Amino acid sequence: MFFTEFKEACNFELSLNKHLLNMLQSSGIRANLADLHLDEDGIYFTFPNGSTKKIMLYQSKIQEGFFRSNGDPFVHICKCKESEINLNNQDFTAIINYDMKFFIGIYSHRTQIKFYNDKPLSICPQCKITLDKFGSLQKFLVD
Ligand SMILES: [Zn+2]
């Protein structure tokens with residue numbers, strides 16, 4: 001009896017982990033709904049089974065005025081001024097995306113007035129210093 005329940009719980013956990021990984025590798029997960037922490041070497045997503053994976057963090061929801069004056073958001077990959085402040089910000093998204101093209105929704109108050117599906121974004125200058133030590137994004141996210 002116990003083993004059946006235990007096995008079912010494990011299977012559930014495995015499929016949940018797989019589902020979350022799929023989400024991270026496609027549309028991403030809102031930062032405020034993800035279990036995230038960061039240090040100098042990365043930003044980490046914690047799965048329900050306790051395992052972690054390095055992710056990227058960027059602002060996917062931007063107010064029109066802010067977007068007009070600040071332009072494209074940067075993508076963060078480790079602890080920097082902006083990622084530390086916005087680690088649980090609901091306008092930010094945790095994602096794994098090697099091609100560096102991202103979804104961005106432009107908002108006027110609560111209404112989305114425009115969106116970009118595959119907007120090429122750059123790594124934030126502060127995070128890039130860390131990335132350069134690893135050589136490539138692939139290497140960085142796997143290590
Ligand atoms: Zn950064």
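Begin by selecting strand S1, residues 29–30, together with strand S7 (92–95); the two run antiparallel and are joined by two bridges, where strands (E, at least two residues) are DSSP runs numbered from the N terminus, and two strands pair if DSSP finds at least two bridges between them. Within this pair, Ile29 has Ala94 of S7 as its bridge partner.

This is a predicted model, in which local features need pLDDT of at least 70 and side-chain atom pairs count only at pLDDT 80 or more, while totals for chains, interfaces and linings use all residues. Residues are numbered from 1 along each chain as its sequence is written.

Leaving aside neighbours within four places in sequence, Met56 is in contact (C-beta atoms, placed from the backbone, within 7 Å) with Val75, His76, Ile77, Ile95, Ile96 and Asn97.

Finally, select Ile55, Met56, Leu57, Tyr58, Val75, Ile77 and Ala94, which touch the most other members of the 24-residue largest nonpolar core, a set of buried Ala, Val, Leu, Ile, Met, Phe, Trp, Tyr and Cys residues joined through C-beta atoms within 7 Å. The largest share of this core, four residues, comes from S4.

Definitions and conventions. A residue is buried if 20 or more other C-beta atoms lie within 10 Å of its own, exposed if 12 or fewer, and partly exposed in between; C-beta atoms are placed from the backbone. Two residues are in contact if their C-beta atoms, placed from the backbone, lie within 7 Å.
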